[in-house]
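Trainee: I am new to this structure and would like a close look at a single part of it. Could you take me through the salt bridges, and then show me what lies around the ligand?

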Amino acid sequence: MTVRNPDREAIRHGKITTEALRQRPAYPTWAMKLTMAITGLIFGAFVLVHMIGNLKIFMPDYGPQSAHPGEPQINVYGEFLREMGAPIFPHSSLLWIVRIVLLVALVLHIYCAFALTARSHKSRGKFRRTNLMGGLNSFTTRSMLITGIVLLAFIIFHILDLTLGVAPAAPDVFEHGEVYANMVASFSRWPVAIWYIIANLVLFLHLSHGIWLAVSDLGITGRRWRSILLAVSYIVPAAVLIGNIIIPFVIAVGWVS
Ligand code: HEM
């Protein structure tokens, strides 16, 4: 027991102590949870916008009268992302700002995830609590760390595959700027297409539960808002899942080539 006004007799008999039960942590738990919520929502917004951009693979090539005759729309979109902000800002500078924000968000998210997990294991001690909520909710809660690690592995593979073009993650024919051809070459490899589909299913589990946790950690307690945001926490990840997995699927089965 820790007390404010120490009773010398009791201390001498080892009944109470003036020492704190545990050290004050460097970063409070609430600050780390808030960081996880904000950085997670940044990534959630990114995957939604990224999925919408990826769907440009289904748009027809630019016509002969346009500024980019015969070019796939997704290649021009990729070029636009690199040119964004020019000539006011140097070439690719806005893209690099987005990349740095995402990288910082990812590092903070992962750091807080491991720190909070270690903290909760320590405070729980030997007492294990199982299946408190029951069903899928409990499964997704307990698997957040594992689904997060799978997603990290996916992000590394994905950047080597479609951004940097590093074999064997990337196909041998990879060419910078040829977004359409690179996607077709990559997803024509069945194991890669299946890996993308599995990773996106994992993303659904992680994101849907993550959005719901963020809603609580941001202190949204009103009944009406919680029921709206519960729906959002399923609808947004489901849209990302469907929009994303359709691409490797249609390419792997040869409907888009
Ligand atoms: C089937 C689903 C996906 C497809 C088809 C896809 C496609 C692509 C392509 C083509 C690029 C390169 C763009 C370019 O160089 O112009 C890219 C970059 C990237 N993707 Fe995806 N992506 C998918 C899913 C995801 C998911 C689920 C995440 C995150 C969890 C993600 C995160 C990223 C990141 C961080 C980059 C690097 C952006 C940059 O720095 O330029 N992607 N993606």
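Mentor: Happy to! A salt bridge is a side-chain nitrogen of Lys or Arg within 4 Å of a carboxyl oxygen of Asp or Glu. This is a predicted model, in which local features need pLDDT of at least 70 and side-chain atom pairs count only at pLDDT 80 or more, while totals for chains, interfaces and linings use all residues. Residues are numbered from 1 along each chain as its sequence is written, and side-chain values use heavy atoms, with hydrogens and water left out.

The structure holds three salt bridges. Let us begin with Arg-82 and Glu-79, whose closest N and O atoms are 3.7 Å apart. Both residues sit in helix H3 (residues 73-83), three residues apart, which is about one turn of the helix. Helices here are DSSP runs (H or I, at least four residues), as are strands (E, at least two), numbered from the N terminus. Arg-82 is partly exposed at 27% relative accessible area, and Glu-79 is partly exposed too, at 37%. For these words, buried means under 20% relative accessible area, exposed over 50%, and partly exposed in between (1.4 Å probe, protein chains only).

Next, Lys-33 and Asp-217 form a salt bridge, 3.7 Å from N to O. This pair links distant parts of the chain, 184 residues apart: Lys-33 is in helix H2 (residues 29-54) and Asp-217 in helix H7 (residues 190-217). Lys-33 has a relative accessible area of 35%, and Asp-217 has 30%.

In the remaining pair, Asp-161 meets Arg-189 at 3.6 Å, N to O. Distant parts of the chain are linked here as well, with Asp-161 in helix H5 (residues 135-164) and Arg-189 in the loop between helix H6 (179-187) and H7, 28 residues apart. Asp-161 is buried at 0%, whereas Arg-189 is partly exposed at 21%.

Now for the ligand. Around it are 19 residues, the closest being His-50, Asn-54, Arg-99, His-158 and Asn-244; a residue is near a molecule if one of its heavy atoms lies within 4 Å of it. An oxygen atom of the ligand is 2.6 Å from an N or O atom in the side chain of Arg-99. A nitrogen atom of the ligand lies 2.8 Å from an N or O atom in the side chain of His-50. The elements giving two or more residues to this shell are H2, H5, H6, H7 and helix H8 (223-252), and H5 gives the most, with five residues.

Methods:
A polar contact is a pair of N or O atoms within 3.5 Å; within protein, one must be able to donate a hydrogen and the other to accept it, and residues adjacent in sequence count only if both atoms are side-chain atoms.
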